[in-house]
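This briefing concerns strand pairing and helix packing. Please consult the sequence and the structure shown below while reading.

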Amino acid sequence: MKDDSIDEAQLSHRLLSYLREKLQDPQIEYSYPPEPLQGGYETRTYKFRLRGVREGWSKFLVLRLYPRAYGTHNAIWESTVQNVLAGEGYPVARAPMVCTDMAVLGGAFFIMDYIPGRLLMAAPLETVPELLGKAHAELHRIDPTPLIAALEAQGFDEYAYGLNGRFDWLRDRASRLPWIRGAMDWLINHRPSGSACLAVCHGDFHPLNILVDGEKITGVLDWPGFAIADPVFDVANTTVLMTIPVRYGAQSREGFTSVDWDRVVERYLRAYQAHRSLDTTYLDYYKVLRCVRALVEGFEGQAIWQQPSIVEDLIACIQAITGIRVQVPALGS
């Protein structure tokens with residue numbers, strides 16, 4: 001889904017021209033031209049550095065560019081979330097510049113601080129669950145009130161940052177995809193009435209979205225799936241991600257080929273609860289929600305959720321909890 005409407009040379013030239021204008025200095029140059037960074041399903045990301053620029057802009061920076069089809073929503077959404085959380089002291093990249101003029105680079109974008117470190121998945125396996133659990137608990141301890149205020153100031157209401165929009169997205173798909181209706185009916189009939197405890201939820205919290213330096217978390221990446229919800233919603237997402245796609249993705253990594261990922265998740269949950277209490281009453285419910293959404297996302301084109309082994313594990317997870325076996329049509333049918 002990435003927007004390839006301009007090539008690397010055009011992007012580099014246009015970005016520099018834009019920064020010269022915005023920073024009011026026509027002498028600015030690159031000391032490190034934009035270099036693509038790996039990762040990111042929906043965006044193009046580049047690391048770069050400027051020279052001849054005022055203090056605060058001379059360090060390494062990252063450009064996050066969205067496809068034109070995304071409009072301006074995601075750039076405003078993610079940069080707002082990151083700036084508020086960075087202000088709260090959480091390890092998130094601050095985003096000092098946002099551009100919603102899609103004529104500049106072919107899509108909306110923002111510029112954020114570059115965070116050094118390596119992926120948590122590359123750290124020694126024995127450190128992964130503890131670091132993951134602690135960082136997740138620390139996120140959920142943050143008061144969501146300032147973030148709600150910042151989002152509403154940007155025009156995002158509760159429908160955007162709560163879970164109602166996600167349920168409506170699934171209801172819409174269920175109205176057109178008969179194979180998912182049984183699972184959707186189960187989700188509707190068993191949906192929690194609400195939670196007195198709301199937290200800042202990442203939505204995609206796993207070792208491939210976390211940077212570390214030794215045993216210190218330096219950054220948490222990729223916030224498009226952010227929500228303010230019951231923290232067990234976020235923990236359930238992590239549980240599904242760790243035991244299904246992360247498990248398969250790790251099989252090619254040295255030292256991860258024979259890992260018991262259910263055991264890793266148990267250790268992650270213990271680490272989380274050592275730092276923050278968690279009501280797990282609806283853990284299984286939100287696991288089903290994530291699995292159902294993943295099956296639909298795969299059916300609609302997301303490659304990670306199309307792998308046969310992953311699809312079968314998602315179906316098995318739903319069936320183990322609900323008794324319903326989803327029959328996913330072959331792609332293209």
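A residue counts as buried when its relative accessible area is under 20%. By that criterion, six of the eight residues of strand E2 (residues 44-51) are buried, so E2 is largely enclosed by the rest of the structure. The model is predicted.

**Strand pairing**

- Strand E1 (residues 29-36) pairs with E2 through five bridges, in the antiparallel sense.
- Within this pairing, Tyr32 lies opposite Arg49 in E2.
- E2 also pairs with strand E3 (residues 61-65), again antiparallel and over five bridges.
- Here Arg44 stands opposite Leu65 in E3.

**Packing of H2 and H4**

- Helix H2 (residues 73-87) packs on helix H4 (residues 145-153) at an angle of about 145°, and their axes are 10 Å apart.
- The crossing of H2 and H4 is right-handed.
- H2 contributes Trp77, Thr80, Val81, Val84 and Leu85 to the contact, while H4 contributes Pro146, Leu147, Ala150 and Leu151.
- Eight of these contact residues are nonpolar, one is polar and none is charged.

**Packing of H6 and H7**

- Helix H6 (residues 164-176) and helix H7 (residues 181-190) meet at an angle of about 145°, with an axis separation of 9 Å.
- H6 and H7 cross in the left-handed sense.
- The contact comprises Phe167, Leu170, Arg171, Ala174, Ser175 and Arg176 from H6, together with Arg181, Met184, Leu187 and Ile188 from H7.
- In the contact of H6 with H7, six residues are nonpolar, one is polar and three are charged.

Key:
Residues numbered from 1 in each chain as written. Predicted model: local features only at pLDDT ≥ 70, side-chain atom pairs only at ≥ 80, totals over all residues. Heavy atoms only, no water. Axes fitted to C-alpha atoms, helices over the stretch in contact; angles between N-to-C directions. Helix = DSSP H or I, 4+ residues; strand = E, 2+ residues; numbered from the N terminus. Left-handed = near helix turned anticlockwise from the far one by under 90°. Contact = heavy atoms within 4.5 Å. Nonpolar A, V, L, I, M, F, W, Y, C, P; charged D, E, K, R; others polar. Buried < 20%, exposed > 50% of the residue type's maximum accessible area, 1.4 Å probe, protein only. Pairing = 2+ DSSP bridges.
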